Amino acid sequence: MRQSRVAHIDEVLALMMGQTTERDRVIQESWRRCVTEHGLDPIASRDAYILPQERLNEHRDAMEEFLHTARFGLETLYRQVSCLDYVMLLTDAKGVTVDFMGDPTYSGYLRKAGLYLGSDWHEELAGTCAVGTCIATGEPLIVHQSDHFDASHISLTCTCAPIFDTNGDLAAALDISALHSPEPKLSQHLALQLVRSFTHKIENANLLNRFRGEWILKLSKAQEFLDIDPEYILAVDANGCIIGHNSRTRELLARECRRLGHEKDRFIGEPLSTFFECDVSNLPRFARFRPSDQRTMRLVGGGAMLFAQAMPPPLASLPRQPATPGPNLPLPLREMFSGDPMMFEALRRAAKIVGTQMSILIQGETGTGKEHLAKALHAASPRADKPFVAVNCAALPESLIESELFGYEAGSFTGAASKGKKGLVLGAEGGTLFLDEIGDMPLASQTRLLRVLAEREVTPLGKVKPIPIDIRVIAATHRDLVELVKAKSFREDLYFRLNGAVLTLPPLRSRIDVKWLIERLLQRGSNRDDALRHLSDAALAALCAYSWPGNVRELVNCLDYASAVCSEQQIEVEDLPESILKSLNGAGPAALAANRAGDEGPQPDALNGLEEALREHHWNVSAVARALAVDRSTVHRRMRRLGLVPPQKRDF
């Protein structure tokens, strides 16, 4: 033992004299720091330093929440290594051991070696060691036997990995050590992989615990491990900005920055869309209920694809059952969605202001249901028994918009009605005035509208005395009013009058309740013609996969069309509009029918025999389906393909 200590001291001194050594680069650099920066003497032996209980308590109290989160992982790790005579140490970022697990039989030896609760392993104090050097470099490493700077530690083998907090700062270090071990350093490489694996799990647990009220995005290169052990996890706030991540994600984003020509290692506050072809409005696409092979996200810089899983905030996922979306959500608002987190957030905010006089601006793409939301707000408000007057500002001719909105007196201009006109604003007295497509209102009319909103009175054309009004104004637009204000095509003062509260509706392609919405619209259609339509599984899958550029309005038109052309009460894929069929395979209905013919396998002879089977069963489709052992929808599909029409439906 003495001989090995002398040889070790000689090697340290030789390195300081400029001689070469076979030690790892990180060990050599640490030895140099110990001498040149920390002023440590390799000849002097130092006893392990154990903090007094009072100071240890201070370090432990500062990490109380982290320790609680990490405890299960630490216990699991110790159970796996204790049979090999390892001890487990968790230190804070300063190198003080705040948690320790070891065999109490050897507590005296472990305390003397510094493998004990309260021991300080900072490199400035203990020299080259796994904890201290890990903290100094921020890298996982093995310090094996004579790698230690202090010769009194050369019997130890220590393996350590850093644990980073959700901001990317060092939070702790996880170490497993043994008093005795095989001489080859290679014997500890499996221990290194084990420690790295558990630090990753602890980082993830800490992030999930801290940001349990925010969007969590999990990413993995392997589809099979996405849901259970993803490499990358990050937290995203409602504005789409990164607010937390694990260390592997930090490394990933740093690589992406380098590909984009930037050098950056801090990513908190950065938009998610800076690094991924995705923003917060797209996150519902990656919900867990979707098949993992359909949840892929592309990196902006390298273009690499990762499998993704997005977990919505708990509050956003509460309304999955429409009957219990929250006590403060009025029924008219509750009926607009079923479990979509972005819709819930918009409607939750709407519910808070539904009874106020505040003006509301509804934003969203064309067809997302802005007028439907305005009607729901009116129905949920104290004004529900008063008029709801909708005005499409883009549809009114510019020359008539003021007379239509504000009314006019008899004979006030050429062509005016002999009795005058009340105007839409006065028509909404006591109720709600809905100004749709407000971004398309001419500037001159904007000036008049601003005066009405500011003074709460309207002066019809040809009238001198203004008329007081009591209305709630809700405006809607698919345009960016801020950009219109910058372009001087929309009055800034009117914009600030209208946006007392801003509600944004998500596009249909980002909603996770599309299936519920389809079923609800089909049910509504059945109330008109008393014939409830159903979708085949294939047709429903096609609708759920479609991107819906026209949003809910396009969905309504699609279902109306499919309900009109389908046979019986079941809607098949072929009944869907051509735009949807083209999105499935890039071809129209004819190509789709040809493809499905190959899938179903009916040969010409079988198809030609279909008419005979129909005649035999008096054109009873159910009886034919039973005879051919196929589904009724298959019989209908083959009939359409052959042009076979029941006698009672033919035009003579």
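1. Helices, counted as DSSP runs of at least four residues, and strands, counted as runs of at least two, are numbered here from the N terminus. On that basis the protein chain of this predicted model has 26 helices and 19 strands.

2. Taken as a whole, the protein chain has 652 residues, of which 49% count as buried.

3. The crossing in which helix 4 passes helix 8 is right-handed. On the side of helix 4 the contact involves E65, F66, T69, A70, G73, L74, T76, L77, Q80 and V81, while helix 8 contributes L194, F198, I202, A205, N206 and N209.

4. The second pairing joins helix 2 (residues 25–36) to helix 7 (residues 130–137), which pack at an angle of about 95 degrees with their axes 11 Å apart. Since the range from 65 to 115 degrees counts as roughly perpendicular, helix 2 is roughly perpendicular to helix 7. Here V26, S30 and R33 of helix 2 meet T133, A136 and T137 of helix 7.

5. Turning to the aromatic side chains, a search of the whole structure finds six aromatic pairs. In one of them, F100 and Y116, the ring centres are 5.5 Å apart and the planes stand at 40 degrees, so the pair is tilted. This pair links distant parts of the chain, with F100 in strand 2 (residues 97–101) and Y116, 16 residues apart from it, in the loop between helix 5 (107–113) and helix 6 (123–126).

6. The two partners of that pair fall on either side of the 20% limit for burial: F100, at 19% relative accessibility, counts as buried, whereas Y116, with a relative accessible area of 25%, is partly exposed.

7. Another aromatic pair is formed by Y546 and W548, whose ring centres are 4.6 Å apart and whose planes are at 85 degrees, so this pair is edge-to-face. Both Y546 and W548 are buried.

8. Finally, a charged group also meets an aromatic ring in this model: the charged end of R250 sits over the ring of F164, at 4.6 Å from the ring centre.

Definitions and conventions
Residues numbered from 1 in each chain as written. Predicted model: local features only at pLDDT ≥ 70, side-chain atom pairs only at ≥ 80, totals over all residues. Heavy atoms only, no water. Phe/Tyr/Trp six-rings, centres within 6.5 Å; stacked < 30°, edge-to-face > 60°. Buried < 20%, exposed > 50% of the residue type's maximum accessible area, 1.4 Å probe, protein only. Lys NZ or Arg CZ within 6 Å of the ring centre and 35° of its normal. Left-handed = near helix turned anticlockwise from the far one by under 90°. Contact = heavy atoms within 4.5 Å. Axes fitted to C-alpha atoms, helices over the stretch in contact; angles between N-to-C directions. Parallel < 35°, antiparallel > 145°, perpendicular 65-115°, else oblique.
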